[in-house]
Structure formats: C-alpha cells, structure tokens
Amino acid sequence: AVYGWLRDGEYEKFGKLLQRLNVKYVIVNKTISTDLQSSFMFSDGLYALQTKKFIASLLGAKVRDFGQRYSLYAISPQFESEKIYIADDPGAFANQRTQLAFKKIASQEYLVDISQLGYTQTLVFLDPYLKGWQLRASSGQVIFADKHQLVFDYANGWVVDPLDVKSHWPASDYQVNSDGSVNLKLRLYFQPYDYFRPVSIISALAYVLAIVVVVKSYLETKFG
C-alpha cells in the first residue's frame, strides 16, 4: 500500500499512517550514497519515489540540524496526533465538543480527564493493544472492560457511552453538567504491572541469596 501511495502521489495517505502511529518527528538524511540508493533498502525505485514534494508534505518546523547530514523536523501539523484522544471516529482525530486532557504518570499509568461527554464516542490510546490495559473510575472500579477493542490494527480503543455511565456508575464517579453531558476522571493503567514489584523483590532477594551462598562456599573452601 505504501509503495502505491508514493507512486501515485497520494502523500496524505502516508501522512495519515504516521498520524495513526503517533509519529512526532521526521529525520531527513541529506546525503544518502548512490550505492545505498540502489540497494535492497530502496528496491523497486523506492528512493526515487521519495521526492522533495513528498518529503515537504510531511515536515513541520525544523527542530535542529545534526551536522551536515541529518535534520530533525516536527511532523506536519496536518498529521499531528495525541497519544490519548476521544473522537466520534477514531480515524478523524477530532471530536465535536468533548474535551480531553491527560497526564502521563509512568509508562504504565495515565490520568485522563474527559469533559462534556454527551454521546457515545471512542477513547483511543495509541499504544500497542494489550488486554492488560484498563480504564478505572475515580473509585478504582474497572470500567468499559467489555468495550476494549483494537483500533488501527494495533492500538487500544474503548467505546465510552454517557448513558452507561449514568445507569451503572456510582454517582461519586462522575459529574453531570446542566446540558446532561458528563465529566469523568479516569485512570488508564496496565494491570500486569501489579506483579512487577513483587517479582522484582523476589528476584533481588534470590540474587542476594545466591551471592551469600557463593561467598560462604568460597570462605569455607579457603579457610576450611
């Protein structure tokens, strides 16, 4: 598909692919050797298809140069995306009214604030799809577990319905606005991480114990 887009000048389709992958920056290599241009890396004339017009279609503001060879650019504003967003259509990267803000706490945890959710939309998290990712309400309850789905053939999505919120959630977990829309404070969490700390502690203790055994054995052998 990518080869066809470049061949036919459909550069926007390639940019949309980068948008779905949450690409933030583009590196331009200005000195690709003739030998490399004709190598397997650029088979079927792929290098020639990467015209100046194609490259320009992807570039936003220049960030900096790295010597004479490389330049780093932000992705074109047309193809910008957020790692977490909410939309009527996941591929549209926009919504009509609902507001969303998020904060990364750690690789396994994000805080997500949704405001003015008035109808069913999809919450998208552009990270590889894993069933361990959970949405939790402010009370800690796991929510929308049955609405977790694959988006863009790799990422995570949850169908978020305000009617479901009002019908099944404790009142303390959401706020209703005058127009009937709701505000939510969510926690996006990778649940398997709960096992990481205990396993790490056990591994560290086993490592220390192994050292103690080795040292003890050495001392006993040397000093009898």
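My entries follow, from the overall picture to single residues.

**Ground rules.** I worked on a predicted model, where local features need pLDDT of at least 70 and side-chain atom pairs count only at pLDDT 80 or more, while totals for chains, interfaces and linings use all residues. Residues are numbered from 1 along each chain as its sequence is written, and side-chain values use heavy atoms, with hydrogens and water left out.

**Overview.** I looked up the secondary structure and found seven helices and 13 strands; helices (H or I, at least four residues) and strands (E, at least two) are DSSP runs, numbered from the N terminus. Of the 224 residues in the protein, 33% are buried. Here buried means under 20% relative accessible area, exposed over 50%, and partly exposed in between, with a 1.4 Å probe and protein chains only. I also checked contacts (heavy atoms within 4.5 Å): among those between residues at least 6 apart in sequence, 62% join residues at least 24 apart.

**The open sheet.** In what order do the three strands of the open sheet run? I read E1-E3-E2, with antiparallel pairing; two strands pair if DSSP finds at least two bridges between them. Strand E1 (25-29) and strand E2 (59-66) are at the edges with a single partner strand each, so one side of each has no neighbour in the sheet. Neighbouring strands here are turned by 30° against each other on average, direction ignored; the axes are lines fitted to C-alpha atoms, for helices over the stretch in contact, and angles run from 0 to 180 degrees between N-to-C directions. Between E1 and strand E3 (residues 70-75) I noted five bridges. Tyr-25 sits opposite Ala-74 in E3.

**Salt bridges.** I found seven in the structure, taking a salt bridge as a side-chain nitrogen of Lys or Arg within 4 Å of a carboxyl oxygen of Asp or Glu. One of them joins Glu-109 to Arg-187, with the closest N and O atoms 2.7 Å apart. This pair links distant parts of the chain, 78 residues apart: Glu-109 is in strand E6 (residues 109-117) and Arg-187 in strand E13 (residues 182-190). Glu-109 counts as buried because its relative accessibility is 15%, whereas Arg-187 is partly exposed at 26%. Lys-62 is partly exposed at 45%, and Asp-65 is partly exposed at 34%. I also logged Arg-7 with Asp-8, at 3.1 Å between the closest N and O atoms; Asp-8 is partly exposed at 46%.

**Asp-173.** Where does Asp-173 lie? I placed Asp-173 in the loop between helix H6 (162-168) and strand E12 (174-176). Asp-173 is buried yet has no salt bridge, and the nearest side chain of opposite charge, Arg-136, is 11 Å away. For charge, Lys and Arg count as positive and Asp and Glu as negative, while His and the chain ends are not counted. The side chain of Asp-173 does make a polar contact of 2.9 Å with that of Ser-138. By polar contact I mean a pair of N or O atoms within 3.5 Å; within protein, one must be able to donate a hydrogen and the other to accept it, and residues adjacent in sequence count only if both atoms are side-chain atoms. Beyond neighbours within four places in sequence, the contacts of Asp-173 include Ala-137, Gln-141 and Leu-184.

**Asp-89.** I found Asp-89 in the loop between strand E4 (84-87) and strand E5 (99-106). Asp-89 is partly exposed, at 43% relative accessible area. Asp-89 and Thr-122 are 33 residues apart in sequence and 7.1 Å apart in space, C-alpha to C-alpha.
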